[in-house]
Structure formats: structure tokens, C-alpha cells
Amino acid sequence: MQPHRNGNLSEMPLQEFLLEGFEGGPQTQALLFTLFLALYVVAVLGNLTMIVLITLDARLHSPMYFFLKNLSFLDLCYSSVIAPKALANFLSSSKVITFAGCATQFFFFSMMGTTEAFLLAVMACDRFVAICSPLRYPISMRPSVCTHLVLGSYCGGCLNSILQTSFTFSLPFCSSNHIDHFFCDVIPLLQLTCANTTINKLVMFGICGLIIVSTTLVVLVSYGCITGTILRMRSGGGRHKLFSTCGSHMTAVSLFYGTVFVMYAQPGAVESMEQGKVVSVFYTLVIPMLNPLIYSLRNKDVKDALWRLIQKHTAI
């Protein structure tokens with residue numbers, strides 16, 4: 001890659017990028033490495049525990065926990081797409097990522113994130129049917145329907161990812177090959193191109209805005225109906241259990257949609273890339289770490305299943 005006299009790169013195909021990550025000296029990088037490692041380890045252990053628990057305990061073989069297991073799988077993959085490369089870069093003087101590696105990371109990051117948005121909406125619909133139409137629930141949410149809903153979420157995520165990746169990586173990157181981020185994200189990538197990115201930004205904000213707004217509406221309408229149904233219940237114990245279960249989902253939804261909306265659905269919402277990096281840490285590592293804790297600590301069935309599993313292995 002030959003530089004122009006002004007210091008920029010010529011309009012030749014890039015072979016690699018440099019992930020600049022966070023600012024700071026060796027001590028700051030070591031501290032960030034420790035923080036990222038802790039978040040990633042807890043996320044991996046928490047989500048693997050949820051997957052194993054739901055798989056092994058027959059009492060958790062219901063549509064709600066089928067969706068929760070898939071959410072844990074998504075969170076596990078979501079964080080694993082970003083964290084290993086970021087951890088390696090904290091300890092390395094060379095923060096290189098190949099063009100193909102960057103495109104691959106971007107594709108899977110975009111796919112997992114979009115799929116999770118769709119899946120959270122599906123989980124809200126599941127709770128809506130379970131609480132508002134309990135007699136129809138076994139038929140409406142039979143195993144084949146649940147499988148199709150999950151596959152549909154993945155298809156939607158894959159389609160969006162194909163569009164975003166093809167639009168982004170078809171651009172000529174000739175301003176620089178230094179990505180001001182700790183992973184390959186669309187906003188810092190668009191800053192490197194020397195072409196007009198108006199269409200790309202319209203596509204990105206249009207598609208992301210449509211996905212976020214539509215899935216958020218599904219969640220809000222579902223939980224609006226659920227709240228009305230719960231408040232009409234006469235049993236205080238039943239209301240408490242349902243509010244506890246739904247509260248876990250609403251907490252996860254609020255965390256995920258809130259950070260993604262700030263980052264991708266509002267042009268100019270994040271004032272600087274340093275702010276963007278902090279927000280990115282939240283939805284790539286903190287949320288995948290928190291989701292298993294949210295669903296386990298606020299869910300009696302999960303806690304009971306975990307206790308049974310511990311007792312079983314202790315007895316053995």
C-alpha cells in the first residue's frame with residue numbers, strides 16, 4: 001500500500017487494518033485487559049451454565065426456556081466474536097487485523113446483534129401468549145413454531161448482516177487503515193473511506209432504525225397487554241411470580257435496546273469515538289455477562305434447577 005504525499009493511503013485494495021483500541025500506556029492497557037478478561041470469563045461461564053442447565057433439566061423444557069437457551073447461545077457467540085481479538089491486542093504492540101478477518105468479524109457481530117434484537121421480540125410474544133391466552137399457549141407455541149421463530153430470527157439477522165457487510169466493505173478505504181476502535185464496527189470503518197458514504201449511512205440508520213423500532217414496538221405492545229392481564233389477577237402470589245419473570249426480560253430488553261439505539265439508530269448520538277467505545281463495551285461484553293445473572297437471580301425455576309444440578313453432582 002503506497003501512501004500519497006499527504007500521508008493518506010492510495011486507492012488500492014487494503015490487505016489489513018490496525019485496531020487502535022483505547023488510548024493509554026502499558027499500565028492502562030494491562031488494566032483494560034484485566035477488565036475485559038473478567039467480563040468475558042463471567043459471560044462465557046454464565047451463558048454456558050444457562051445452556052447446560054436448560055438442556056439437562058427436563059422441567060425447563062418449555063418454550064420460554066428454549067428461547068432463553070438460544071439467547072444465551074447468542075450472547076456467548078456475540079462476546080466471543082469481539083473479546084478474544086481485543087484481549088490479544090491489549091498485550092500486543094501489533095494490533096493488525098486482516099481485511100478478510102475484519103469483514104468476518106463485522107459480519108458475525110452484525111448478525112448476532114440483529115438476531116438478538118429479533119429474539120428478544122419473540123420472547124416478548126411468547127410471554128404475551130402464555131399470560132394473555134394460556135389455553136391456546138400449548139398449540140400456539142408448540143415446538144415446531146418455536147423452532148421456526150428462532151430460525152426466522154437468525155435469517156433476519158443474516159440478511160441484515162449481508163447487506164451491512166456488502167455495503168461497507170465494497171467502499172474504497174483510502175483515507176487510512178487505522179480503525180479508531182477495538183473491533184471492526186461500521187461507524188469507524190465509514191470514517192476511513194474516501195467515497196461518498198451518504199447512501200451507506202442512510203442504509204445503516206434506516207435498517208437499524210426499522211429493526212429497533214419495530215421490535216421495540218412488539219415488546220412494548222406485548223408487555224402492555226401482559227401488565228393489564230396481571231393487574232386483573234386476584235392472586236397476589238401469581239402476580240408477583242409473573243412480574244418477576246417478565247421483569248427479567250424487560251431488564252434485558254431495556255439494556256440491549258437502549259445501548260444499540262444510542263449507537264446505531266440516531267445519527268450523531270455519540271459525540272466522540274471514545275464515548276462510542278465505552279458504549280460498545282457495554283453491549284458487547286457487559287450485557288452478555290449480565291443476562292444470565294438477570295435471568296437466574298430473578299427466576300425461581302432456574303435457581304431451583306441449578307440447586308438440583310449441584311446436589312446431583314455433589315451426591316455423585
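## The disulfide

Cys-102 and Cys-184 are joined in a disulfide, with 2.0 Å between their sulfur atoms. Cys-102 sits in helix α3 (residues 99-132), while Cys-184 belongs to the loop between β3 (178-179) and α6 (186-190), so the bond ties together parts that are 82 residues apart in sequence. Please keep in mind that this is a predicted model, so the geometry here is that of a prediction.

What is the handedness of this bridge? The torsion about the S-S bond of Cys-102 and Cys-184 is about -130°, so the disulfide is left-handed. If you are setting up bonds, the structure holds one disulfide.

Two other cysteines deserve a look. Cys-77 has a relative accessible area of 18%; buried means under 20%, so Cys-77 counts as buried. Cys-146 has a relative accessible area of 3% and is buried too.

## The overall layout

Stepping back, the protein has 10 helices and three strands. Read from the N terminus, the elements follow the order β-α-α-β-α-α-α-β-α-α-α-α-α. Of its 316 residues, 48% count as buried. Among contacts between residues at least 6 apart in sequence, 78% join residues at least 24 apart. The exposed surface comes to about 15300 Å², and carbon and sulfur atoms supply 68% of it.

## Annotated transmembrane regions

The unreviewed UniProt entry carries the annotation "transmembrane region" for residues 30-54, 66-84, 96-124, 145-163, 202-230, 242-266 and 278-297. How do two of these spans look in the model? Residues 30-54 are 100% helix and 0% strand, with the end C-alpha atoms 36 Å apart. Residues 96-124 are 90% helix and 10% strand, and there the end C-alpha atoms lie 41 Å apart.

## Helix α2 and its bend

Helix α2 runs over residues 63-90, which makes 28 residues. From first C-alpha to last it reaches 41 Å, close to the 40 Å expected at 1.5 Å a residue. Where does α2 bend? The bend is at Ser-80, by about 30°, and a proline, Pro-84, follows within four residues.

Is α2 largely enclosed or largely open? Of its 28 residues, 21 are buried, so α2 is largely enclosed by the rest of the structure. Leaving aside residues up to four places away in sequence, Asn-70 touches Leu-119, Val-150 and Tyr-154.

## Helix α5 and its neighbours

Helix α5 (residues 143-169) has 27 residues. Its first and last C-alpha atoms are 38 Å apart, close to the 39 Å expected at 1.5 Å a residue. Which residues of α5 are buried? They include Cys-146, Val-150, Ser-153, Gly-157, Asn-160, Ser-161 and Gln-164, along with Thr-165, Thr-168 and Phe-169.

An α-helix has 3.6 residues a turn, so residues three or four places apart point the same way. What do the buried residues of α5 pack against? Their partners are β1 (16-19), α2, α3, α6 and α7 (198-231). Val-150, one of the buried residues of α5, is also among the residues that Asn-70 touches.

Note on methods:
Residues numbered from 1 in each chain as written. Predicted model: local features only at pLDDT ≥ 70, side-chain atom pairs only at ≥ 80, totals over all residues. Heavy atoms only, no water. UniProt positions renumbered as here; feature names shortened; annotations may be inferred. Helix = DSSP H or I, 4+ residues; strand = E, 2+ residues; numbered from the N terminus. Expected span 1.5 Å × (residues − 1). Bend = angle between axes of the 7 residues up to and from the residue. Buried < 20%, exposed > 50% of the residue type's maximum accessible area, 1.4 Å probe, protein only. Disulfide = S-S within 2.5 Å. Contact = heavy atoms within 4.5 Å. Areas by Shrake-Rupley, 256 points an atom, 1.4 Å probe, with all protein chains shown as cover.
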